[in-house]
Amino acid sequence: MNDTAIDYAAVFQALPGAVALLTPELVYADTNSEYLRVSGRRREQLIGRHVFEVFPDNPADGAASGIRNLEASLRRVLATGEREAMALQRYDVESSERPGEWDERYWSPVNAPVRGPDGSVVLVVHRVEEVTELIRARGGRGTGGDGARAGSRGRVLEAELYTRARELQELNERLRLAHAREREVALALQEAMLPAGRQVGHHRAAVRYRPAVGALNVCGDWYDLVDLVGGNRIGVSVGDVVGHGLEAAGVMGQLRSALSAASRVAAGPAEALNVLGRYAHVVDGAESATAVTTFIDFDHHIITYSSAGHPPPVLVHTDGRVEFLDRATDPPLDARPTPVPRPQARTAYDSGATLALYTDGLVERRREDIDTGLARLADALARHREADPESLADAVLLELLPPGGATDDTALVIVRL
C-alpha cells in the first residue's frame, strides 16, 4: 500500500491513545475520539479554543500546578523542536455534567513537535494517558481492619509515586538548564572560530552553517575566507572533521586556523594543504579529516584549487554551465604516513560566475548515491544563479536539506566572481 492510499484522518481518529493537536498558540486544532472520551468534552467545546481556557486549574486547589507545568513543556517543545515526556501530573478537570465540581485526575503526558516544510514547529502533538485509576488503586478504598491497613499502604505508595514523579521533573529541569548553558558556550565557540564574510573585502560572499539535528550548534564542519597577499586574490576553503559537538569543534578550530595561516604564505592551494596535512598528523581527532581550498585571482579570472578527500567545489558559469572542480583530488589530510606533494589544478571563469564550496552534509543521503546529491546541487545552483549570494545560499539549503534538519553537519560558501 502506498502513502496516497492511506486515510491519515481515519488513522488519527483510530489511535488507541488520547491525542490532541495544538497550534503554536496552544489552541486546539484537532483531537481524536479517545481524547474526547477521557476529557469528557465534545469536539465543538475544544476546537479553536485555547487549551487552558477549556481546562483551567482547579480554583479550590491552591497548590495546583497543572497549567504551569504543561505550558512550560509545550513552550519548550515549540522552542527546541524536541519531544518531551512529562512526569506524572495531577490536573483536576471540571465535571462537564456538574459545573463547579472538580474531579481529581492524574495524567502522564507526552508532547512532540510536528515540523513544517521550513523545519519550524507548526503543531504540537499532545498525547495523554490517564492514570487516575492506578493512583486510586494504590490508594485503596477499604474501611476497618485489613482494609484500613491496605488503604494506609496504598496512600504511602501513592505519595511515593507522586513524589518521585515530581523529583524526576525537577531533575529534568536542572538538566535542561545545564544543556542551555552548554549551548551558550557552544554558540560562543562557533562565533569565535568561524569567520564572517567581511574578511574578503568588497567581494560578495555568503556563508551558511547548519549543525546536525541534535547537535549543540557546533560541529566539525568549517569554512574560511581570507585575503591573500599579492594582487586582488582571496582564498576560500571548507573542511570536515569526523564527529559532532565540542570535541569535533575543537579539532575543527585548530585545522581551520592552521590552513588560514598557511594560505597566506603558500604559493598555491596544494602547498597550503601539504602544510595542513603535516599538522593534522599531530592533532588528536583529525583522523580522516578532509578539506578543499581555492585561490581566486579576480584580476586574471582564474581559480586554482586542491582537494584533500573533499567533495569538489562547483563553478556555475554565467551561461548556466556547471563545472565540478575535481581535477586535483587527493586522499584526506592524514591518509599518508609520509607526506607527498598534493596536486592542484586551474580553471578560468567570466565575471559574474558563481563558486560554491560545501561539506558532504549538503549532498549525501542514506541509501542514495552521492552523484544524485551532486546533481541536485548543480541543478539548484544553476536555476538560482542570478540571485545574490545570500538569496542563493538560502535557496540551496531550502531545496537540499531535509525539512526536519540534516543528520550530518553542513557548511556552505557562495562567492560571486
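Helices (H or I, at least four residues) and strands (E, at least two) are DSSP runs, numbered from the N terminus. The model is predicted, so local features need pLDDT of at least 70 and side-chain atom pairs count only at pLDDT 80 or more, while totals for chains, interfaces and linings use all residues. Residues are numbered from 1 along each chain as its sequence is written, and side-chain values use heavy atoms, with hydrogens and water left out.

Helix α4 covers residues 66–80. The expected span of a helix is 1.5 Å times one less than its number of residues. For the 15 residues of α4 this gives 21 Å, and the end C-alpha atoms are 21 Å apart, so the two values agree. Buried means under 20% relative accessible area, exposed over 50%, and partly exposed in between (1.4 Å probe, protein chains only). In α4 the buried residues are G66, I67, N69, L70, S73, L74, V77 and L78. An α-helix has 3.6 residues a turn, so residues three or four places apart point the same way. Just after α4, G81 adopts a positive phi of about 70 degrees.

Most residues other than glycine have a negative phi. S288 has a positive phi near 65 degrees. This residue sits in the loop between α8 (269–280) and β12 (290–297). S288 is partly exposed, at 44% relative accessible area. H301, not a glycine, has a positive phi of about 55 degrees. The loop between β12 and β13 (302–308) holds H301. H301 is partly exposed, with a relative accessible area of 26%.

T354 belongs to strand β18 (residues 354–358). T354 counts as buried because its relative accessibility is 2%. Its side chain makes a polar contact of 3.0 Å with the side chain of R416. A polar contact is a pair of N or O atoms within 3.5 Å; within protein, one must be able to donate a hydrogen and the other to accept it, and residues adjacent in sequence count only if both atoms are side-chain atoms. Contact in general means heavy atoms within 4.5 Å. Beyond four places in sequence, T354 touches V314, L315, V316, R385, L392, I414, V415, R416 and L417.

R385 also meets G320. G320 lies in the loop between β14 (314–316) and β15 (322–324). Leaving aside neighbours within four places in sequence, G320 is in contact with A382 and R385.
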